[in-house]
Amino acid sequence: MVKPTYLKEVRVEDAIGMKLGHDLTQIVPGAFKGRVFQAGHVITEEDIPLLLDIGKRHIYIMDTPQGFLHENEAAERMARAFAGEHVYLTGPVEGKMTLKSAIHGLLKVDPTAVEQANQIEGISVSTLLSDRVVQADQSLAGIRPIPLIIEEEKVKRVEQLQSLPAIEVKPFQKKKVGIVTTGSEVFTGRIEDRFGPVLKDKLKAFGSKVLGQRFADDELDAIQAEIRYFVEQEKADLILVTGGMSVDPDDRTPGAIKAVGADIVRYGIPMLPGSMLLVAYLGEIPILGLPGCVIHDSFTSFDVFLPRVLVGEKITESDIISIGYGGFHT
Ligand SMILES: Nc1nc2c(c(=O)[nH]1)N[C@H]1C(S)=C(S)[C@@H](COP(=O)(O)OP(=O)(O)OC[C@H]3O[C@@H](n4cnc5c(N)ncnc54)[C@H](O)[C@@H]3O)O[C@H]1N2
Ligand code: MOO
C-alpha cells in the first residue's frame, strides 16, 4: 500500500495558482451551508479573504496515489452501484453523492446491502427507510467516503456486494378499485358516508381508478354480493370493504370476506391506528377490510399497505408481522 504522502499543506497566501484538492464548505448558521470552492479550482488572490473567513489558513494540494481514489470519484462509483430503477444521481458535492427518485413511487431499500457497505471502515451509506412513498426528485440516500482519499479496494468491495442495486423506486400501477361500504347507519341514511371521499382522494393521489362505491347493510349475504359484483361485473383488481371490522355482533365484514372464498393473510395488524385491518386475496385480487379509524386518522395501517398493493406486491403474513416494531403511531 502507498504511504499517504499525497497531501501537501500550503499556506493560503502561498497557494495562488495552485489547484484545490477537494470542495470547500462554508456554514453560516441559519443562512447558508454549501460548497464555496470546487475541487480543482485554481486559487486566485481574490479568493484569499473568503478562504480565511471560512477558517482555512492552509489548503491541501493533492496528488492521488496509486491504489487510492479521490472522495468524489469514490462517491460516484458507490452511488452508481447502489442506484436501481427510477433512481438518478446528483453530485458529487463535497465528496457526497445524493440519490434521488425519478418518479412518484414506493421506495425499496435492501437494508442488508446498506449494512454491509457501512461495515467497511471509511464508507458511509445513509438512506431513508424502505417502503415509504416518495415524490419525484425527492432525495433518497447520501453516499460518501469519510476520508479525502480512500483505498480503491474498499470501493470495489462495495461495488461487489450481493444484492446491488439496493435502492430503487417502484411505480404505482393504475388499479381498478371497487369500494363496498358496510354499516346499517350509512345504508339506511341515518348518517352520511365519510369513507367514499377519503378513499377516492387517496386512490386518486396514486393514479388508480375508483369503479364505484356500493353500500351494504350489516348482513353477510349483502356484503358478499357487493364484493362479487365488483369481481364479476366490474373486473376490479382491488376491493376495499369499509367498516364493521371490530368486535360487535354487527361487525360482519371479516366473515363476509372469508365467505366469498378469499384467503385471509391476516385479520389484525400490529399497528396503531389500524389494528383491525384485514388483508386477503381472492385469487390474485387483493381485498382489504378497512376499520373505522381510516376515516378519522390520516395515517393508519391502510396507508402502509395500500402503496405496497398498488406497486403490485403480494402482502405476506411476515410483512404484516414485521410492522409492529415502530408501528405505534397514535
Ligand atoms: N371493545 C372494542 N372496541 C373497539 C375495538 C375493539 O377491538 N374492541 N376496536 C376499535 C378499533 S381499533 C376501531 S378502528 C373501531 C372501528 O371499528 P369498525 O371498523 O368495526 O367500525 P364501525 O363499528 O363499523 O364504525 C365505527 C364508527 O365509525 C362510523 N362509520 C363507519 N363507517 C362509516 C362511514 N362509511 N361513514 C361515516 N361513518 C362511518 C360508525 O358510524 C361508527 O361511529 O372500533 C374500536 N372499538
Ligand atoms: O383499527 Mo383501529 O385503528 O386500531 O383504531
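This briefing walks through the predicted model above, from its confidence scores to its ligands, cores and strands. The structure is a predicted model, in which local features need pLDDT of at least 70 and side-chain atom pairs count only at pLDDT 80 or more, while totals for chains, interfaces and linings use all residues. Residues are numbered from 1 along each chain as its sequence is written, and chains are lettered from A and ligands numbered from 1 in the order in which they are written.

**Confidence**
- The chain has an average pLDDT of 95, and 98% of the residues score at least 70; pLDDT is the predictor's confidence in each residue, from 0 to 100.
- For the complex, the predictor reports an ipTM of 0.97 and a pTM of 0.91.

**Around the ligands**
- Ligand 1 has 21 residues around it, and Gly243, Met245, Ser246, Pro291 and Gly292 come nearest (a residue is near a molecule if its C-beta atom, placed from the backbone, lies within 6 Å of it).
- The shell of ligand 1 holds nine nonpolar, eight polar and four charged residues; Ala, Val, Leu, Ile, Met, Phe, Trp, Tyr, Cys and Pro count as nonpolar, Asp, Glu, Lys and Arg as charged, and the others, Gly among them, as polar.
- Around ligand 2 you will find Leu272, Pro273, Gly274, Ser275, Met276, Pro291, Cys293 and Thr300.
- The ligand 2 shell splits into five nonpolar, three polar and no charged residues.

- The largest nonpolar core has 40 residues, and Ile239, Leu240, Val241 and Leu288 have the most contacts inside it (a core is a set of buried Ala, Val, Leu, Ile, Met, Phe, Trp, Tyr and Cys residues joined through C-beta atoms within 7 Å).
- Helix α9 (residues 301-310) gives this core its largest share, six residues; helices (H or I, at least four residues) and strands (E, at least two) are DSSP runs, numbered from the N terminus.
- A second, separate core of 32 residues includes Leu69, Ala83, Leu99 and Ile143.
- Ile239 touches Gly178, Val180, Ile227, Phe230, Ile285 and Ile287, leaving out residues up to four places away in sequence (contact means C-beta atoms, placed from the backbone, within 7 Å).
- Eight of the 10 residues of α9 are buried; a residue is buried if 20 or more other C-beta atoms lie within 10 Å of its own, exposed if 12 or fewer, and partly exposed in between, with C-beta atoms placed from the backbone.
- Among the elements covering the buried residues of α9 are β8, β10, α6 (195-205) and β16 (238-242).
- Just after α9, Gly312 takes a positive phi of about 90°.

**A three-stranded sheet**
- Strands in the order β10-β8-β13 form an open sheet with antiparallel pairing (two strands pair if DSSP finds at least two bridges between them).
- The edge strands, β10 (133-134) and β13 (167-171), each pair on one side only.
- Five bridges link β8 (residues 105-109) with β13, where Lys108 stands opposite Glu168 and Leu106 has Lys170 as its bridge partner.
- Two bridges join β8 to β10, and Gly105 has Val134 in β10 as its bridge partner.
- β8 is mostly covered, with four of its five residues buried.

**A buried loop residue**
- Ala39 lies in the loop between β3 (32-37) and α1 (48-53), and it counts as buried because it has 20 C-beta neighbours inside 10 Å.
- Beyond its neighbours within four places in sequence, Ala39 contacts Leu20, Gly21, His22, Asp23 and Asn72.

Conventions
Contact = placed C-beta atoms within 7 Å.
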